[in-house]
Amino acid sequence: MPADDRSNEGDDDRHVRFRPAIDAHTHLFPERLTEAIRRALSDEAGWSFSHPTARPEIEDVLSEAGVSTYVALPYVHEASLATELNEWLCAQAARSDRLVPFATVHPDDEDVGDVVRRAFEDGARGLKFHCPVQECTPADPRLEPALETAAAFDRPVTYHGGTAPMFEDSPYVGADVFEDVVASYPDLRVCCAHMGTYEVDRFLEFAREYDNVYLDTTFAMSTSAEETMGFDPSTIPDETFVELSESIMYGSDFPNVPYPYRNERVGLLDRDLPADVARDVFYRTAADYLGLDFGSARA
Ligand SMILES: [Zn+2]
């Protein structure tokens, strides 16, 4: 593992509050896909990556940090690739004691509802799509069978719903299309990744207004957010985490981040959040979102 992930976090009690953690947003792909995704990210953003790409090494870094469970989010750029990827990820999960797989689907897949249903029956815990990459809004009629299947199976949906870092002109993301989908599916738990950046205030408002809205801290709350996505995490005050701790969960985008894994959590840990709030953000909210029953019940 990179030496920087081994750094001693010192005696600060607040850092103990991370363990055990659920990382609700990571990526695990077959080797060749990971390389293609990293090449695309490097070309677009000039980032370079040093984290491992294979499951056992990824899990070494995560468990060393205190992550007991992590969610892997797949996505596909083209139709007819989702089933194979979903099967691959579920097979990886069968060999892991901490991997929670999600399923993906492409709006142009032949039988969208069936792709998702088969993945759920195979063990996928939720659904992920990537609207700017797949060129669709979440409420696109082509995705309706997928959302209905997720609601029927009581499985959550995570997607890249914000305009950061390069989607400000995209018709497929943003607060308006997000509200469309959460208002249309009041029984469906929907998570907008990256705190909804750059429209954070509107997404926080959705979290206040809708019980089925979740946000993840991925990238946006990292100590590298300013230089990687032009977002200052300190614009979200501690009180917001206290108020919305049952809607906000920790995520990282690991291993496809151009900085040490610890950067994702140290900014959150350095805040003066009450222990109970930290437990929500680092564990309980994700457990509830995922519908995992391992002592997730709130007091
Ligand atoms: Zn991601």
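This dialogue goes through several features of a predicted model.

Me: What kind of model is this, and how are residues numbered along each chain?
Reply: The model is predicted, so local features need pLDDT of at least 70 and side-chain atom pairs count only at pLDDT 80 or more, while totals for chains, interfaces and linings use all residues. Residues are numbered from 1 along each chain as its sequence is written, and side-chain values use heavy atoms, with hydrogens and water left out.

Me: Which residues are the protein donors of the zinc ion?
Reply: Donors are N, O and S atoms within 2.8 Å of the metal (3.2 Å for Na, K and Ca); water is not among the atoms, so sites may look incomplete. Here the protein donors are H25 (NE2), H27 (NE2) and D253 (OD), at 2.0 to 2.1 Å from the zinc ion. Their spacing in sequence is H-x1-H-x225-D.

Me: Are H25 and H27 buried or exposed?
Reply: Buried means under 20% relative accessible area, exposed over 50%, and partly exposed in between, with a 1.4 Å probe and protein chains only. Both H25 and H27 are buried.

Me: What volume does the largest pocket have, and which residues lie nearest its centre?
Reply: On a 1 Å grid over the protein atoms alone, a pocket is an open set of points where a 1.4 Å probe fits, with protein on both sides within 12 Å along at least five of seven lines; lining residues have an atom within 4 Å of a point. Grid points are joined across faces, edges and corners, and a volume is the space filled by probe spheres set on the points. The largest pocket has a volume of about 760 Å³. Its lining has 31 residues, and I37, Y75, H77, H130 and V133 lie nearest the centre.

Me: Which element gives the most to the lining of the largest pocket?
Reply: Helices (H or I, at least four residues) and strands (E, at least two) are DSSP runs, numbered from the N terminus. The most comes from α2, with six residues.

Me: How is an aromatic pair read, and how many aromatic pairs are there?
Reply: A pair of aromatic rings is described by the distance of the centres and the angle of the planes. Rings of Phe, Tyr and Trp (its six-membered ring) pair if their centres lie within 6.5 Å; planes under 30 degrees apart count as stacked, over 60 as edge-to-face and the rest as tilted. The count comes to 16 aromatic pairs. One of them, F120 with F153, is tilted, at 5.3 Å centre to centre and 55° between the planes. F120 lies in helix α5 (residues 112-121) and F153 in the loop between α7 (144-152) and β6 (157-159), so the pair ties together parts 33 residues apart in sequence. F120 is buried at 3% relative accessible area, whereas F153 is partly exposed at 28%. For Y250 and Y261 the ring centres are 6.5 Å apart and the planes at 75°, so that pair is edge-to-face.

Me: What is phi of H194?
Reply: Phi of H194 is near 60°, a positive value in a residue other than glycine. H194 sits in the loop between β7 (190-192) and α9 (200-209), and counts as buried at 8% relative accessibility.
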